[in-house]
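Please open the model in your viewer and keep the sequence panel beside it. The stops below go from the whole chain to its nonpolar cores.

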Amino acid sequence: MGAQGLELRRIVRWVAGAVVLLATAALVGAIAYVRIHEADLVFPREAAPGGYPPAADSLRLPYSTVAFRTADSVLLWAWEIPATRPSGIWVLLCHGQTGNLATTTRPEYYADLREIGVNILAFDWRGFGASEGTPSEEGLYRDATAAYEYLRL
């Protein structure tokens, strides 16, 4: 093997080392990004600082806005929606991990549920809609418990 072969080997090793280093840096950067933005990635949310969209109003959905506090004093906002006919049955609705209680087609679901004769308490998790706080797994458990306790009163 001549001098050219040794030089080519050195270049190939240098390029391979640079590729491994860049791949490692990219992986570490991706992991750091996910760790830093984990809550925003897991709980994408829409605030409703100026109130909720008019979807419920356009459906003529009769609702009352109520508020209650969690065990750790976070103020949560909810809608109480009565059934179309008197009923002692309540459904506690915990919307998914995105949006807020008035997002997209949720009011349509509420309207359908009240038609079958159930009252609804739909609330926004901490950090969603008009509710205070920042979402976390532990916080979501507290929020659901507080909503349940509110219904029991």
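**Whole chain**

Start with the surface: the accessible area of the chain is about 9700 Å², and carbon and sulfur atoms hold 61% of that. Areas follow the Shrake-Rupley method with a 1.4 Å probe, and for residues only the protein chains shown count as cover. This is a predicted model, in which local features need pLDDT of at least 70 and side-chain atom pairs pLDDT 80 or more, while totals for chains, interfaces and linings use all residues. Residues are numbered from 1 along each chain as its sequence is written, and side-chain values use heavy atoms, without hydrogens and water.

Switch to cartoon. The chain has five helices and four strands (DSSP runs numbered from the N terminus: helices H or I of at least four residues, strands E of at least two). Their order along the sequence is α-α-α-β-β-β-α-β-α.

Colour by burial next. Of the 153 residues, 29% are buried (under 20% relative accessible area, 1.4 Å probe, protein chains only).

**Cores**

Select Phe 68, Leu 76, Ala 78, Leu 121, Phe 123, Trp 125 and Ala 147: within the largest nonpolar core, of 13 residues, these touch the most other members. Such a core is a set of buried Ala, Val, Leu, Ile, Met, Phe, Trp, Tyr and Cys residues joined through side-chain atoms within 4.5 Å. At least two residues each come from β1 (64–69), β2 (75–81), β4 (119–123) and α5 (137–152). The most, three, come from α5.

Finish at a separate core of ten residues, which includes Leu 101, Ala 102, Ile 120 and Ala 122.

Technical notes. Buried < 20%, exposed > 50% of the residue type's maximum accessible area, 1.4 Å probe, protein only.
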